[in-house]
Amino acid sequence: MVGNQAKIGSFRLEFLVELNSVPLELFHHPLLTQHNIRLHIKRDDLLHPVVSGNKLYKLMLNLEQFKYEHKKTLITFGGAYSNHLHATAFMGKSLGIQTVAIVRGEQLVPLNPTLKDCTDWGMVIEPVSRGLYRQKQQAPEIQSIIDKYPSPYVVPEGGANRLGVQGVAQMLDGVDQKDLDVVVVACGTGVTMAGLISACEPHVRVIGFPALKAEKWMGGEVQGWLDVIACTNNNWALQHGYHFGGYGKTKLELLEFMDDMEANYNLLLDPIYTGKAFYGLLKMIENGNIARGSNLLFVHSGGLQGRRGLSTKSSS
Ligand SMILES: *Cc1c(COP(=O)(O)O)cnc(C)c1O
């Protein structure tokens, strides 16, 4: 179906980070044999030892734009366990860019491992109440935080903007789609899914698994991002049944599934995104909802740093 390797070939920014090549690994599981389905995993979790997966793709064109506009401060938004903040802080340190995070929730001390890394890498944390955070687009209080910093460049939560979508579209560079039928990915904002959809040839269907309760709006979000980049590809669908109670929520069944994948299949997943999506994919296969003979590609979007939040999260 696909070559052995795919990697980012088109970073135009002078990145100071070394990127690993991302293997496409054939995944073996009795369910796949039973249903005569081939599944490769695109290991974007391996892209970089710290900044994993899709977050780097969403950031790269924004970082380029930041440099192009000669901005001085990169300001972004996220929750306390955000992979996006973590990635942004690391890239800021690597590229010598001052980063600021407007973080949801006022009680952040002691810092969790994610935010500890972020501050170690020089990111300034601006905690705001959940209520204020919800109105981050229009609240004057948020604007005054932004205005404190010299020449700010604002990246929305999760790297969700046009440049984010266009960056993600490069995730499939180097992947031969000739014999490919389905690309599978986890969804948060829907940006990654939209970027992948735009990068797929018309015969390739993209299936997204929202990591949150988003039946009412995720479809609109994905379509909205497609509209932003004028992509008319409509060969995609969302599977809403695998959010396990909502964003950041989990169930024993999911944790046991992840343990099984790690212990018996040497596959590390994260509980927020990839664990849910991979669980959902295997369930769909088990239920006969993926055609026999299909060739699938699961994009492992990373997020493994968030696993550290698992134990501390339940006690806070
Ligand atoms: C952020 C994230 C996603 C979701 O990406 P969106 O572009 O927000 O849909 C999926 N997987 C992992 C590991 C992530 O960190």
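Student: What lies over the face of Tyr133?
Tutor: That is Arg104, at 5.4 Å from the ring centre. A charge counts as over a ring if NZ of Lys or CZ of Arg is within 6 Å of the ring centre and within 35 degrees of the ring normal. Keep in mind that this is a predicted model, where local features need pLDDT of at least 70 and side-chain atom pairs count only at pLDDT 80 or more, while totals for chains, interfaces and linings use all residues. Residues are numbered from 1 along each chain as its sequence is written, and side-chain values use heavy atoms, leaving out hydrogens and water.

Student: Which ring does the charged end of Lys55 sit over?
Tutor: The ring of Tyr273, with 5.4 Å to its centre.

Student: Back to Tyr133: is it buried or exposed?
Tutor: Tyr133 is buried, because its relative accessible area is 3%. The cut-offs are under 20% for buried, over 50% for exposed and partly exposed in between, using a 1.4 Å probe and protein chains only.

Student: How many aromatic pairs are there?
Tutor: The structure has twelve. Rings of Phe, Tyr and Trp (its six-membered ring) pair if their centres lie within 6.5 Å; planes under 30 degrees apart are stacked, over 60 edge-to-face, and the rest tilted. Phe77 and Tyr133 are edge-to-face because their planes are at 70°, with the centres 6.3 Å apart.

Student: Where do those two sit in the chain?
Tutor: Phe77 is in strand E4 (residues 73-78) and Tyr133 in helix H5 (residues 130-134), so you'll find them 56 residues apart. Helices (H or I, at least four residues) and strands (E, at least two) are DSSP runs, numbered from the N terminus. Phe77 is buried too, at 5% relative accessibility.

Student: What kind of pair do Phe257 and Phe278 form?
Tutor: A tilted one, 6.4 Å centre to centre with 35° between the planes. Phe257 lies in helix H10 (residues 252-265) and Phe278 in helix H11 (residues 274-286), so the pair ties together parts 21 residues apart in sequence. Both rings also belong to a cluster linked by ring pairs, whose members include Phe27, Phe209 and Tyr242.

Student: New topic: which residues are buried in helix H9?
Tutor: In H9 (residues 218-228), they are Met218, Val222, Trp225 and Leu226. They are on the same side of H9 because they cover an arc of only 105° around the axis, taken from the directions from the helix axis to the C-beta atoms.

Student: And what follows H9?
Tutor: Ala230, whose phi is positive, near 55°.
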